[in-house]
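Biologist: Please show me the model. I would like to go through some of its strands and helices.

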Amino acid sequence: MAVKASKALDRVLVLEMVRVTEAAAIACSTLVGRGDEKAADAAAVEAMRIAFNELDFDGTVVIGEGERDEAPMLFIGEKVGKASPGSPKIDIALDPLEGTTLTAKASPNALAVLAIAEEGGLLNAPDVYMEKLAIGPGYERGIVSLEKSPTENVKALAKAKGVEPHEIVTLVLDRPRHEKMIAELRAIGCAVMLIPDGDVAGVIAVTNPETTVDIYMGSGGAPEGVLAAAALACVGGQFQGKLLFRNDDERARAAKWGVTDLDKIYQLEDLVKGDAIFAATGVTDGSLLSGVKRHKGHMTTNSVVMRASSGTVRWVKGEHRI
């Protein structure tokens, strides 16, 4: 379905979003492999906030580092940008460092990532788990569903692709909670690619044929689900998510952010409404992007920026003087 271009987003240049993710990635790159997750995250957060506050928009963080009492900067509800009279109102979902553990261990797929949309365009997802299911573009809508079993989804996707189930590659976060699902997938001969962290890059991997990933399954953070959905909204593909609640405190948190149907299966258009821009910069090398590289006198960054209304994807290599 075609997405109408947003005049508000026209005033927030696409490449400005790349500058924001570049700033976060560069700031935390000095801490890659140093074993300090908190310091790496703090460096990325501070740099991203400074970069946002140089832009002429009235921005509200709807998915951020946590609630005000949990995060000193880029907390949910925080206002960012140089809001002047007539500035466009923008909702922002962000993760200044998606993969703090990956960064601390110098492991692949750490990213600085964000998505923006017009006010009201992004689901204000509570910080709980989300069951996720994603496939790339080119398939009939509804071919996979969270209402189906993993086996049923793999078989349906294989049939649509014209291959056998054992030729399907499924990407799953390597967590004890997924052991039963992994065993079920392997029982039908499906290849299971396990990742330690970084499920934003994991979901996006289904859109890139070079990764060989056909489908993403399993649970991860709901905020990361919205960020990944924003990327899929730009390049095509299907995404479903269902919020998972472990206790009354998490259910109360959902109610605070306006979530009333606790069993709802969210489609892509429920998570990202209308036009959106997604941007990411690699911190460490990964399947989506190369990480920050330091050279004599300069450093290089690799980024991607996408827009839903145009379907444009730009790969941006930056060279920065030290």
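Modeller: β13 and strand β14 (residues 313–321) pair in the antiparallel sense over nine bridges. Two strands pair if DSSP finds at least two bridges between them. Strands (E, at least two residues) and helices (H or I, at least four) are DSSP runs, numbered from the N terminus. This is a predicted model, where local features need pLDDT of at least 70, side-chain atom pairs count only at pLDDT 80 or more, and totals for chains, interfaces and linings use all residues. Residues are numbered from 1 along each chain as its sequence is written, and side-chain values use heavy atoms, with hydrogens and water left out.

Biologist: Which residue in β14 is the bridge partner of N302?

Modeller: β13 and β14 pair in the antiparallel sense. Within that pairing, N302 has its bridge partner in β14: K317.

Biologist: Which residue takes a positive phi in the hairpin of β13 and β14?

Modeller: This hairpin has five residues between the strands. The positive phi, near 70°, belongs to G311.

Biologist: How many residues of β13 are buried?

Modeller: Strand β13 covers residues 298–307 and is mostly covered. Buried means under 20% relative accessible area (1.4 Å probe, protein chains only); exposed means over 50%, and partly exposed is in between. Of the 10 residues in β13, the buried ones number eight.

Biologist: Are α2 and α3 roughly parallel or antiparallel to each other?

Modeller: The axes come within 7 Å and cross at roughly 150°. Angles under 35 degrees count as roughly parallel, over 145 as roughly antiparallel, 65 to 115 as roughly perpendicular and the rest as oblique. The two helices are therefore roughly antiparallel.

Terms used:
Axes are lines fitted to C-alpha atoms, for helices over the stretch in contact, and angles run from 0 to 180 degrees between N-to-C directions.
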